[in-house]
Every structure is written in C-alpha cells, then in structure tokens.
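I opened the model to look up its overall build, its sheets and a few single residues. My notes follow in the order I made them.

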Amino acid sequence: MSIADEDVRPEPEAAAVRSPRHRTVLMCRPEHFAVVYRINPWMDPARPTDTALAVRQWEQLRGVYLDLGFDVELIDPLPGLPDMVYAANGGFVLGNVAYGASFVHPQRRAEGPAYLEWFRANGFETVEPAEVNEGEGDFLVVGDAILAGTGFRSTDASHRELEAIMGRPVLTLRLTHPDYYHLDTALTVLDETPGHEHIAYLPSAFDEPSRTLLRERFPDAILVAEEDAAVLGLNAFSNGRDVVIAARATGFAAQLREHGYTPIGVDLSELLRGGGGVKCCTLELRRSRTEPKETR
Ligand code: ARG
C-alpha cells in the first residue's frame with residue numbers, strides 16, 4: 001500500500017472527541033458485606049469472604065470517582081443487609097424523582113425502604129413502588145428513553161410503572177442468561193446524551209426480539225466478548241469520556257480506547273463474589289437539570 005492510499009483512509013473512531021458530564025453518585029461502604037445466601041450464580045456462601053478487602057477495593061472505586069470530579073454521596077450501611085453495597089439496586093432517580101426499589105428476594109427486601117428514606121431525607125421526591133423492581137440495576141437512561149431489563153428481577157409491570165412516573169419511553173429488554181440477571185451486567189451506557197447515544201452490550205445475554213431492538217436502535221454499539229462480560233466488564237460506569245470498568249476486562253478496554261474513551265480499570269474481585277461490579281456499587285443521582293451543578 002502506498003503512502004497516498006494511507007492518506008485517504010477514513011479517520012479512525014479514536015478521533016471522536018468525547019466530552020465528560022459531571023456525575024453525582026450514591027454509594028454504600030461494604031462494611032457488612034458477606035456472601036451468606038445465594039440469589040445469583042456468582043454467589044457461593046461456602047466460600048468465606050474478606051470484608052476488609054471488599055472495603056479496600058470499594059474505597060479504590062470511590063477514589064477513582066473523586067479523582068474524576070464526581071460528587072460521591074454515601075448512605076449508611078445497615079447490619080444484616082450484606083448486599084446493600086450494590087447501591088444501583090436501591091432505586092432509580094431522574095429529575096429529582098426517586099422511584100423506590102422492591103426486591104424479588106426476601107434477603108434484600110429491607111434495602112428498599114432504607115434507600116427510599118435516604119432519598120426522602122436528601123430532598124428527592126419519592127415514589128413508593130407498587131411493582132417488583134431492582135432500581136438502576138435494571139433501568140438505564142439513554143437519550144430520552146430508559147432501557148429496562150426483565151427476566152430475572154424487575155418485572156414488565158415495573159417498566160410500565162416507571163414509564164408512567166417518569167413520562168419517558170421505557171424500552172423492555174429481556175435477559176435470558178442467569179449470570180447476567182440485571183441489565184447493568186449485560187449492557188453499559190457509554191454516552192447517554194440525546195443525539196450521541198452510545199452503548200456496549202453482550203448480545204447473547206438477551207432474547208432475539210431484544211437483540212433486534214438493540215441492533216436497530218444502536219447500530220454503532222460496541223459488542224463485547226463473552227470473556228469480558230464474564231468478569232462483569234459491562235458492569236461499568238461512564239461519564240461520556242472516562243469509563244470505569246473491571247480491570248480484568250482488557251478486551252473491552254481496548255475497544256473503548258478505539259472508540260475514543262478512556263477506560264479506567266478497577267479491581268473489585270471481592271465484590272464480584274456477590275455478583276456485582278463497578279456499576280452495581282453506583283447509583284446515579286440525577287437531580288433536576290435546573291440545579292446549578294448541571295448547568296455550570
Ligand atoms: N448479590 C446481589 C444480588 O444478587 C448483587 C447485585 C448486583 N447489582 C447489580 N446492579 N447488578 O442481588
């Protein structure tokens with residue numbers, strides 16, 4: 001190939017300029033983390049967990065968020081609720097409205113009211129859920145829509161309930177693989193800005209109609225390999241430029257770089273034993289857009 005040929009090659013995607021958006025997130029320090037029951041295939045109560053290690057790894061994630069300029073708010077962990085660290089499941093917040101979670105499994109049920117109380121005390125308008133749903137674990141904002149997972153945890157009825165509360169289209173996606181039981185284990189929103197929507201996902205985690213919906217709506221999505229999904233690489237959190245991911249998801253990290261993102265790897269191996277990663281530990285607090293923080 002001559003140099004002239006090279007000159008006319010299209011600009012690689014890496015030329016894309018990604019702009020970060022300020023994030024405010026809610027996290028819960030895993031002081032009471034342990035795997036003492038099994039409600040997903042990742043959990044093995046026979047293997048003892050190291051709570052101190054979980055806390056150290058979680059502090060690293062929090063440190064990455066602070067370095068990225070995020071506001072990190074904290075909810076007090078409650079004894080007897082070892083999964084409370086997975087804050088994404090605590091509810092779903094959009095434009096100051098917090099839709100409470102209602103957990104499938106009795107072991108986590110008390111987390112719903114605890115998170116709802118936090119939202120109330122922190123100035124959000126709260127909505128008690130009538131339907132079973134596990135918050136941002138299954139609900140992801142992209143553009144003007146909300147992608148919603150079902151199949152294992154949040155019900156179809158909760159998708160309709162959320163649509164009525166938020167007044168935004170809620171698109172149902174059906175998960176079929178038990179390892180990817182929440183939407184945020186199989187799909188990451190890289191850029192939620194309307195007009196620039198960009199996602200990454202594992203196609204095999206979804207049923208055929210959902211795959212068709214995703215293909216048609218997000219033709220330029222990054223399709224992630226099984227081995228990256230299997231370390232919960234898709235359980236990532238993006239500000240539109242920097243993407244915090246599982247350190248072991250190296251293939252996904254390379255794909256992100258090709259698309260102009262900056263992947264930041266974090267090791268949450270101990271929390272992975274509960275079946276959660278970066279995104280599970282993170283609940284985005286979307287306060288209404290008129291607040292100074294959002295318009296600055
Ligand atoms: N052990 C927790 C459960 O099975 C993990 C939750 C992970 N959270 C998430 N957003 N995917 O409920």
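The model is a predicted one.

**Entry 1: Val-64**

I started with Val-64, which lies in helix α2, residues 51-67. Leaving out residues up to four places away in sequence, I found that Val-64 touches Val-244, Ile-264 and Val-266. Is Val-64 buried or partly exposed? A residue needs 20 or more other C-beta atoms within 10 Å to be buried. Val-64 has 17 C-beta neighbours inside 10 Å, so it counts as partly exposed.

**Entry 2: the whole chain**

I then stepped back to the overall build. The protein has nine helices and 15 strands. Its radius of gyration is 19 Å, close to the 19 Å that the globule rule gives for 296 residues, so the protein is as compact as a globular protein of that length. Along the principal axes, the C-alpha atoms fill a box of roughly 65 × 45 × 40 Å. Of the 296 residues, 44% are buried. Among contacts with a separation of 6 or more, 66% are between residues 24 or more positions apart.

**Entry 3: the sheet β3-β4-β5**

I traced an open sheet of three strands in the order β3-β4-β5, with mixed pairing. Which strands stand at its edges? They are β3 (91-94) and β5 (125-127); each has a single partner strand, so one side of each is left without a neighbour in the sheet. On average, neighbouring strands here are turned by 20° against each other, direction ignored.

I followed the pairing of β3 with β4 (residues 97-100), which is antiparallel and has four bridges. In this pair, Phe-92 stands opposite Tyr-99 of β4. The loop between β3 and β4 holds Asn-96. The phi of Asn-96 is positive, near 75°, and the residue is not a glycine. For background, most residues other than glycine have a negative phi. Asn-96 has 16 C-beta neighbours inside 10 Å and therefore counts as partly exposed.

**Entry 4: helices across that sheet**

Which helices lie across β3, β4 and β5? I noted α3 (residues 111-121), which runs at about 170° to β4. I also noted α4 (residues 156-166), at about 160° to β4.

I looked at α3 further. Its buried residues include Glu-111, Tyr-115 and Trp-118, along with Gly-112, Leu-116 and Phe-119. Seen down the axis of α3, the buried residues fall within an arc of 155°, so they line one face of the helix. After α3 comes Gly-123, with a positive phi near 85°.

**Entry 5: the sheet β2-β1-β15**

I traced another open sheet of three strands, ordered β2-β1-β15 and mixed in pairing. The edge strands are β2 (71-74) and β15 (283-284); each has a single partner strand, so one side of each has no neighbour in the sheet. Strand β1 (residues 24-27) runs antiparallel to β15, and two bridges join them. Val-25 stands opposite Glu-284 in β15.

**Entry 6: β13, α7 and β14**

I checked how β13 (residues 242-246) and β14 (residues 262-266) run: they are parallel and joined by five bridges. Ile-245 has Gly-265 in β14 as its bridge partner. With helix α7 (residues 250-258), these two strands make a right-handed β-α-β unit.

Within α7 I picked Gly-251. Having 16 C-beta neighbours inside 10 Å, Gly-251 counts as partly exposed. Gly-251 touches Ala-225, Glu-227 and Asp-228, residues up to four places away in sequence not being counted. From Gly-251 to Glu-227, 24 residues apart in sequence, the C-alpha separation is 8.3 Å.

**Entry 7: Leu-232**

Last, I looked up Leu-232 in the loop between α6 (226-229) and β12 (237-238). Leu-232 has a positive phi of about 55° although it is not a glycine. Is Leu-232 buried or exposed? With 27 C-beta neighbours inside 10 Å, Leu-232 counts as buried.

Definitions and conventions:
Residues are numbered from 1 along each chain as its sequence is written. This is a predicted model: local features need pLDDT of at least 70, side-chain atom pairs count only at pLDDT 80 or more; totals for chains, interfaces and linings use all residues. Two strands pair if DSSP finds at least two bridges between them. Axes are lines fitted to C-alpha atoms, for helices over the stretch in contact, and angles run from 0 to 180 degrees between N-to-C directions. Two residues are in contact if their C-beta atoms, placed from the backbone, lie within 7 Å. A residue is buried if 20 or more other C-beta atoms lie within 10 Å of its own, exposed if 12 or fewer, and partly exposed in between; C-beta atoms are placed from the backbone. The arc is that of the directions from the helix axis to the C-beta atoms. The radius of gyration is taken over C-alpha atoms; the globule rule is 2.2 Å times the number of residues to the power 0.38. A crossover is right-handed if, with the strands pointing away from the viewer, the path from the first strand over the helix to the second runs clockwise.
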